[in-house]
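Subject: Structure for your review

Dear colleague,

Please find below the structure I promised to pass on, together with its sequence. My notes on what was found in it follow directly after.

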Amino acid sequence: MTGGVWDGIVRLRAEALEVLAARHGGAIVAGARVKPERIVPPLVARDGDLAPLFSARQVRAAREAAARGAALLVDASLRRTVENAAALWVCDRAMWAMAGLLDEAVVPASAALVGEGSSIAPSAVLGPRVVVGRRVRISAGTVVGHAGFGWAFGQGGAVRAVPQLAGVVIEDDVVIGPLCTIDAGTLTPTRVRRGAKLDAHVHVGHNVDIGEDTIVAAQCGFAGSVAIGRGVLIGGQAGIADHVRVGDGARIAAKSGVIGDVPPGALVAGYPAVARARWLRALAVLYRGTRRRGKA
C-alpha cells in the first residue's frame, strides 16, 4: 500500500530460493540463497524481484529482467533460453509453483477505494484491492475485482486455482455499463484507462489493459493479458484471445474473433479477424461459389 492506495505489487515473505523450491518443487540452477521480496512480471522485474517465465513470448523480457538483477522462475521447457541468469529456479510445473507462492503472498485485505464524483450502482460489487478514479460511473450488476479465470495443472491431472491478487484499477472518467465483469489481475492490476467506455455485458479478463478513450460495445470479451491501445473502437460481440495486442486507433468490427495482434489504425473483421477489405472479398468468393453449386 502507498498512502492508503493499493500499489498493485504482490510481496513475498523473504525466503531463499532453495527454501521455496523445496516447498513448491523444481531445482535451483543458480542463486540458491537469493531472497526475492516481490513477484512481478518480467517486463518490470528488477533486483529483489522474482519474475515467472512461462511463455516464449516473454523470453526477451525475462532476459532483460535477469540483467537488472531479478531472479527467474522458469518453466523447464524454456530453461535454455535464460541459462545465463544469475538466479534461476527451473520447474517442470512452474505455473503450479507460482500458484503456491501466491497462496503465501503478502497482500493487504483492503476495501475498494472510490474517487470523488464517482457513481457506483447499489447492486454493483467492488472486490478487494480495487481502485476507482474520479467521475467514474459503474452501472447495476457489474462485478469488479472478482478472481480471474486462471488454473495450474499438477501431477496426475491435479488442478488448482492461480490466486488473482493484484486487483483492478479504473482510471478517471470511465463509464462501465450494466452486468459487466472485470477480473482481478494476477501479478499486476487489470486496468481500464482514463475515459474508456464499456457497454453492457462486457467481460474483461485478468491482467487486461484497456487503453484511454477506447469504446467497447455490448457483449465483448477480452481474454487474459490482452492489451488494447488508445482510442480503439470495438463492435458488439467481438472476442479477443489471450495476450493479443491491439494498436492505437484500431477498429474491430462486430462479431470479430481476434486471435492475433492488430496494428495501429487497422480495421479488421471476421473470424479469424483479418483486414476488413480482405474479409469482404473472401465472403464474395464464398457466396459466388455457393450460387454456382446451387445452379448445378
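Two strands are said to pair if DSSP finds at least two bridges between them. Please bear in mind throughout that this is a predicted model.

The sheet

With that definition, S26 and S29 are paired: two bridges link them, in the parallel sense. Within this pair, Ile 240 faces Val 258 of S29. Both strands belong to an open sheet of seven strands, which runs in the order S9-S12-S17-S20-S23-S26-S29 with parallel pairing. The edges are taken by strand S9 (125–126) and strand S29 (257–258); each has a single partner strand, so one side of each has no neighbour in the sheet. As background, strands of a sheet pair through backbone hydrogen bonds, either parallel or antiparallel.

Asp 172

Asp 172 is located in the loop that runs between strand S15 (168–170) and strand S16 (175–176). Is this residue, Asp 172, buried or exposed? Its relative accessible area is 19%, and because buried means under 20%, Asp 172 counts as buried. The side chain of Asp 172 comes to 2.8 Å from the backbone nitrogen of Arg 134.

Backbone features in the loops

Most residues other than glycine have a negative phi, and most peptide bonds are trans.

Gln 237 is not a glycine, yet has a positive phi of about 65 degrees. This residue, Gln 237, sits in the loop between strand S25 (233–234) and strand S26 (239–240), and is partly exposed, with 36% relative accessibility.

His 243 likewise has a positive phi, near 65 degrees, and is a residue other than glycine. The loop that holds His 243 lies between S26 and strand S27 (245–246). His 243 is partly exposed at 32% relative accessibility.

Finally, the peptide bond between Tyr 271 and Pro 272 is cis, with omega at about -10 degrees. Pro 272 belongs to the loop between strand S30 (267–269) and strand S31 (274–275).

With kind regards

Notes. Residues numbered from 1 in each chain as written. Predicted model: local features only at pLDDT ≥ 70, side-chain atom pairs only at ≥ 80, totals over all residues. Heavy atoms only, no water. Helix = DSSP H or I, 4+ residues; strand = E, 2+ residues; numbered from the N terminus. Buried < 20%, exposed > 50% of the residue type's maximum accessible area, 1.4 Å probe, protein only. Polar contact = N/O pair within 3.5 Å; in protein donor to acceptor, adjacent residues only side chain to side chain.
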